[in-house]
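Hello,

Here is the model I promised to pass on. Have a look at it first, and my notes come after.

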Amino acid sequence: MTVNRRTALTGIVATSAAFTLAACAAEAEPVKTTLPSATVDETSAPPATEQLLGKASDVMVGSGMKYKISDALTILVTRPALETFRAFNATCTHAGCIVTGVREDQITCGCHGARFDTDSGEPQSGPARSALGKITIEVRGEDLYALI
Ligand code: FES
């Protein structure tokens, strides 16, 4: 087989171009595409809102005080001991009445007679089977704040 000069040069140029293309392809950085990440955490609860309820001294030891926050929420604050304040959603877990208040160291509901513990909100007697909803309460100086 005879190879003339033109054929040899064409082969060398073609081979050189192929090596150059291969080298460029190997050095090329892959293009990175990053989609913007979501910034909303759908599993987290909304931040609590502070609500000034009133003076701590308004709630006597062994009693309770109701605070209407909105048409949908009334809070019952109890004071089972001198330095202990508890807050509950005042909506009875039996059938949705607003509990009456504290009587004989129990939260009472006048609709059907449910009674709840003033410290835990757990049902003690009557038709209710689940506890009143707990609400975080803080005493700051003389004031009571609910975090809702
Ligand atoms: S709604 Fe409270 S006892 Fe029925």
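Below are some notes on the overall fold and on a few loop residues.

This is a predicted model, in which local features need pLDDT of at least 70, side-chain atom pairs count only at pLDDT 80 or more, and totals for chains, interfaces and linings use all residues. Residues are numbered from 1 along each chain as its sequence is written.

The chain has one helix and 10 strands; helices (H or I, at least four residues) and strands (E, at least two) are DSSP runs, numbered from the N terminus. Along the sequence the pattern is α-β-β-β-β-β-β-β-β-β-β. Of the 148 residues, 22% are buried. Here buried means that 20 or more other C-beta atoms lie within 10 Å of the residue's own, exposed means 12 or fewer, and partly exposed is in between, with C-beta atoms placed from the backbone. Among contacts with a separation of 6 or more, 40% join residues 24 or more positions apart; a contact means that the two C-beta atoms, placed from the backbone, lie within 7 Å.

Now to the loop between strand 5 (101-103) and strand 6 (106-108), where Glu 104 sits. Glu 104 has a positive phi, near 50°, without being a glycine, and it is exposed because it has 7 C-beta neighbours inside 10 Å. Asp 105 is in that loop between strand 5 and strand 6 too. Its phi is also positive, about 60°, and it is not a glycine. With 14 other C-beta atoms within 10 Å, Asp 105 is partly exposed.

Gly 126 lies in the loop between strand 8 (123-125) and strand 9 (134-140). Gly 126 counts as partly exposed because it has 17 C-beta neighbours inside 10 Å. Leaving out residues up to four places away in sequence, Gly 126 touches His 112, Gly 113, Ala 114 and Arg 115. Gly 126 and His 112 are 14 residues apart in sequence, and 7.2 Å apart from C-alpha to C-alpha.

Best wishes
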